[in-house]
4 protein chains.
Amino acid sequence: MQEFSFKSRQLQAQLSGFMDEHIYPNEQAYASQLHAAQNRFAPLPLMDALKTKAKAQGLWNLFVPENHAQYSQHGGLSNYDYAPLAEMMGRVLWSPEVFNCNAPDTGNMEVFMKYATPAQQEQWLIPLLEGEIRSSYAMTEPQVASSDATNIELRITREGEEWVLNGRKWFITGAMYERTRIFIVMGKSDPDNPDRHRQQTQILVPKETPGVKLIRPLTTLGYDDAPIGHAEIQFDNVRVPLENVLLGEGRGFEIAQGRLGPGRIHHCMRLIGAAQRSLELACRRASSRSTFGRPLSKHQSVREDIAKSFSEIEMARLLVLKTCKKMDEEGVPASVDMIAASKTTVPLLVQNVIDRCMQLHGAGGLTEDYFMAEAFNYARWCRQADGPDQVHQMALGKKIIERYAG
Amino acid sequence: MQEFSFKSRQLQAQLSGFMDEHIYPNEQAYASQLHAAQNRFAPLPLMDALKTKAKAQGLWNLFVPENHAQYSQHGGLSNYDYAPLAEMMGRVLWSPEVFNCNAPDTGNMEVFMKYATPAQQEQWLIPLLEGEIRSSYAMTEPQVASSDATNIELRITREGEEWVLNGRKWFITGAMYERTRIFIVMGKSDPDNPDRHRQQTQILVPKETPGVKLIRPLTTLGYDDAPIGHAEIQFDNVRVPLENVLLGEGRGFEIAQGRLGPGRIHHCMRLIGAAQRSLELACRRASSRSTFGRPLSKHQSVREDIAKSFSEIEMARLLVLKTCKKMDEEGVPASVDMIAASKTTVPLLVQNVIDRCMQLHGAGGLTEDYFMAEAFNYARWCRQADGPDQVHQMALGKKIIERYAG
Amino acid sequence: MQEFSFKSRQLQAQLSGFMDEHIYPNEQAYASQLHAAQNRFAPLPLMDALKTKAKAQGLWNLFVPENHAQYSQHGGLSNYDYAPLAEMMGRVLWSPEVFNCNAPDTGNMEVFMKYATPAQQEQWLIPLLEGEIRSSYAMTEPQVASSDATNIELRITREGEEWVLNGRKWFITGAMYERTRIFIVMGKSDPDNPDRHRQQTQILVPKETPGVKLIRPLTTLGYDDAPIGHAEIQFDNVRVPLENVLLGEGRGFEIAQGRLGPGRIHHCMRLIGAAQRSLELACRRASSRSTFGRPLSKHQSVREDIAKSFSEIEMARLLVLKTCKKMDEEGVPASVDMIAASKTTVPLLVQNVIDRCMQLHGAGGLTEDYFMAEAFNYARWCRQADGPDQVHQMALGKKIIERYAG
Amino acid sequence: MQEFSFKSRQLQAQLSGFMDEHIYPNEQAYASQLHAAQNRFAPLPLMDALKTKAKAQGLWNLFVPENHAQYSQHGGLSNYDYAPLAEMMGRVLWSPEVFNCNAPDTGNMEVFMKYATPAQQEQWLIPLLEGEIRSSYAMTEPQVASSDATNIELRITREGEEWVLNGRKWFITGAMYERTRIFIVMGKSDPDNPDRHRQQTQILVPKETPGVKLIRPLTTLGYDDAPIGHAEIQFDNVRVPLENVLLGEGRGFEIAQGRLGPGRIHHCMRLIGAAQRSLELACRRASSRSTFGRPLSKHQSVREDIAKSFSEIEMARLLVLKTCKKMDEEGVPASVDMIAASKTTVPLLVQNVIDRCMQLHGAGGLTEDYFMAEAFNYARWCRQADGPDQVHQMALGKKIIERYAG
């Protein structure tokens, strides 16, 4: 509720204009290009054209935080100031990439900013910031509960001047995308270390390295999220030089901890945009459609659904903004309570809001004629992304009990 | 809770055996064939092989009701006796077709049994009963609230010895399927008739008739339900001979009323099977997966979710069985209260059960590795199919208020 | 859905007539007598008059099961046949006592039928069956989680020819009632027995025994459930002769197990009656009240609420009936899954139905002008009575997981 | 999320200290005095003692807004600054009166500040501000849907130098209280005025005026809210002089509109305090109680309940704070959207939070041993107070639809 900074408000106005002029009018064209694509994971010409336009207007890398100001033209934005921008991008699911603000690249770029050597930054961070290449973060494994990072099983061994990786990952967002060049891979280098948080290491693995096998794209509720997508990947004796380690051997867990907070909140911000747009669509539908001789807008049940959705979106937005504020002022570690509260509340709330808004659209509401069905999948998927909600509720519940009963 | 008839129990045992031997073991093969298909709406070789097997065992046309016993070898089944069989088929979404029991053909065959001339039956019903051709029922229109059948706008005019049809339909299940040959089309032949329920007529339109244009397959939550699918169709000056009328001019509304009751309940029966299977998968997952050092099955929240899901499925099943019983004993018109109660309760309840079971599976629960995600879509879609739940609640609420306040 | 027996249907007709003639017309009088009472836990003259009438008509001890037929004139009723009768009584919260069918006396009488000596039966069971005295079952303790019966701490020691009891109980239904004469007290007689289910004994303690101290009546959501009520009781060196043991030393747990199944289901039956009556009140309200120029009955949200409530009550009733059927055919131990499903589903469902119906009545819906507010409390309270729902879900979830994953 | 003013923070610290020192330690004493009272609607000695203490510390009339600064020592507080203070008072249901901040007097005092003549203020406002007398606002009527103020039927006629009132009111908070001296009565003075918002007038009626008959105290869910309570009142030819009109004839609707906004929000603020305290109690219970060999705090379902409750309370608090901010900056009329969002969201949310927290306490959670049961009633009742939620959702839904579809 505090005002956004002048810079944020200026960017909001600019971004809003860009959405009106270039994004909404291109939604159908984008869908058509993707639909017609021979390879659903190849870059789309329309995306590249839009990226050029956005970059030219300075609507680029808006996610870059203040403490890494040097990596952006705008000088960095606090989480609080970035929230309304991310919300706007959430109104069209593919639009964040236009502004170089899409997951998982934003999180990966932050990892490079924080933990990479100058040489690693030169090779990977710069082209990522330029939007020339894309990246993946390979953490989740099919055979273990990966939300507990200490369960990770992909094996990293050191042989001479090389790291050798063996294992399987899935839900590796971006890995299918043709433009993706680099994977940050989390694995176990020291499984017998008595300190369970020192067993893990993160290694940079160029996508083209021999032994990296893209098994298949995964779908959630029928969506493949192309062209970015989610892949299952096999690592068979994948060898990279020792200098490809990130931060240092045994420090993989530490990187993972540092990465996840903002990512979860970015999802929440975008989901609020998705819910808000669904609500607006539902309002338009309600005033343009009649059943049984009355406009939908006059049915009491419709008004109650709209009122509930409005109120819930307001609450979700405020929760996220408060979380941002706390992250800005006290840092991520001190904000894990609010991050967990947002992560476990917003996706489910948004799923329910969109469900109502779809229902108001009749059978058409479930189709690709509106963005709601795919946004519903996004919300549903976020209840699993970065760990199932239940895992975060476990930690949050424990912390709150200690706070009041300690 | 009444026992099922001996015939039903015998068929249940046989069907259960068939599922174990031929359906579950082929789920992956079916998915692969469909995935690899050049045309997703062409018949799959595996389906045809399975149909042959099922037919040979007499597991065929199980939906045929007692009052049309002549159309089946088994002599007809009551709704009550059919319910557990349909539930079993609901455990694999594509399996009803194996037994010639899939929507919308079952409903269409009943229409032919009840309302068609012998010549029409000869031409269309017999090959449908044999599983040689498929059919569609073209009712819903994109531009009007079609749940109120009097809103239908497709124009039917009589010109000489022909009916001429002009209009647009969508969500026409089965229309994309290559094997589909015949459409039952609902339209308005007498829009000025003061009796709003005499304005409609149903016409048989062979799919190949000039002027019939398949616009596109529709998706719901990302699923195209291939090969049966849902189509958008344009009718441009489509001409068929006068004898293609069903039952008679002005009697379309009457047919529509007669068709819908059992169809809704068949969906509910199958959905219960889908929920039951999801529950069983969740139980297996819970006992085979550990997080934070305990098997999922020992987490109290998991047990509560399982207990809730079990109880809800029991209640949904009982509601549907009671509805069947009433339909069997008092007929469809007297049972609209229970049909509406089932139609507006079961899909949402099943959606929630499956949502929980998916969540227990981690990210994988949303993928095609389990049948849950597509079953979730089936449940969600049924909240719109045959009219949005709200329309049925409107009628049911009105009726109950009159019952107790009349 | 199976038909009720001829006997049950006959009793239903008779009971329904009695409710119409004697119970509903006396609701206000009963409330006034209770309100005006000097001692809220004294017997009410109106109750006694009604009991006499009911007994004269044979509407008496309807709960008596078939295997104890000798204790009733009607020859015993199965759980299934009793269900619709108990549902009717649930429509007026104080009415079960009129028919000698109120908790906790029904459960206690069953305990006496099953486990008491002829002398004990003579002394306590006969006057209970006659409705001359009332009884309590003292199990729950304030300081331990009593839903796990092995936690019980009230100490029973044998001194010479006497049992000596020391401890505290609460939520002892009926104990405040002036007419109550006998307590069945569960305590620990052998706390060191390695078999945790042999540590408990149940002792018959006349209410007037020295050392029995009624501490206070307890309220739930502001209701004291007078005149039956729920008491907190202190037992200070309470001494009774050895023959007051029930069944035998160390067999208290066994009795507790045997008692609880039917009791839980009787609550569910009555709750369904309470929900059904609330629905009927809501229907009448909806058709008699207008807001903003339309009768409530024409508001779509009202119709949806009525439709939902109707459907949910149907499902709850069917779940309970199926549970009864199973208990009748397979016995209580084999039916614990269905008993737990009912116990953890019906009270919450009924609470929600009544909440909706109250809301439809405006502010008045929360007052004593309707029976809904107190019925709401009854439903809410049943989520704790006989153990919190969560404990039963724990057991049920475990059992279902084993069933499908075993 | 904006910081509270220095003044507010200072008062928060002071009030928090007062609660710790004087309120919490007196909860049992207060309950005992009320329980023992011959007349439940007489002032309690303990209350008077606490009021004296609070006044001496300047913790008095904290609700007085900035634009009426002259009526308080603290110089007035914005809604935003008052919110955390009201939340604290919500932690003990009877505590607002200690600080002269209880409903309905706060709303009535604001009415006197805004609309009364100097003489009326002298007579009624001053002693109200001193806490010497109490007041009621008589609006709701039993026979009409009073949430639509134009339905009000109490008849006001002018006869000579007097107003004559005839009609019936109910849910008149405070009217039973012995200390209450003055009623503000809304009625119809000009029922035929074509402008439906000019038909109403508000009249000051001293409680002792002949013809004013207190019919009975009303309960909600079994609670009488004594000593403040809610009354049903009959007005039979009640005569007061013409100067007792408030603001002017025909301006009753205008006053009603002006009064209700802050009142609804004050309820929301206090409810958040009630929920927060329930959460804290639940945390303490979870860490002090064990079932089945584990502390409740280690059960995953308990942690999920705590996490959900924490998150929901955060959201509710933020929604209310944003509403306050908007009221402060843009005034009540421009804030009706946010007021409606809060009014229709917070009470239900708080009801659910408290329901969970009660359940965690076992059977005891429903008793008077904790403040939760009565707080549950407060939340439930607020879904009806100032109009049923549905009426506010009707208006809010309409407004939002216009906003996005206009």
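Domain bounds here come from an automatic or database domain assignment. I keep in mind that this is a predicted model.

**Entry 1: domains of chain A**

I looked up how chain A is divided. I found domain 1 (6-114 + 121-130), domain 2 (134-253) and domain 3 (255-405). I then took the C-alpha centres of domain 2 and domain 3 of chain A, which lie 30 Å apart. Next I checked their contact. Domain 2 of chain A gives 13 residues to it, and domain 3 of chain A gives 10 residues. I sorted the domain 2 side by class: 8 nonpolar, 4 polar and 1 charged.

**Entry 2: chain A against chain D**

How are two copies of a chain related? By a rotation about an axis and a shift along it. I laid chain A on chain D and read a turn of 180°, a shift of 0.0 Å along the axis and an RMSD of 0.0 Å. I therefore note the relation of a two-fold axis. I also compared the surfaces used. Of the contact residues of chain A, 100% recur in chain D, so the same surface serves both copies.

**Entry 3: the A-D contact**

I counted residues on each side: 36 of chain A are in contact with 36 of chain D. Which elements of chain A give two or more residues to the side that touches chain D? I listed α8 (252-288), α9 (300-330), α10 (336-359) and α12 (389-405). The largest share comes from α9(A), with 15 residues. By class, I recorded 18 nonpolar, 10 polar and 8 charged residues on the side of chain A that touches chain D.

Technical notes. Residues numbered from 1 in each chain as written. Chains lettered and ligands numbered in written order. Predicted model: local features only at pLDDT ≥ 70, side-chain atom pairs only at ≥ 80, totals over all residues. Contact = placed C-beta atoms within 7 Å. Nonpolar A, V, L, I, M, F, W, Y, C, P; charged D, E, K, R; others polar. Least-squares fit on C-alpha atoms with pLDDT ≥ 70 in both. Helix = DSSP H or I, 4+ residues; strand = E, 2+ residues; numbered from the N terminus.
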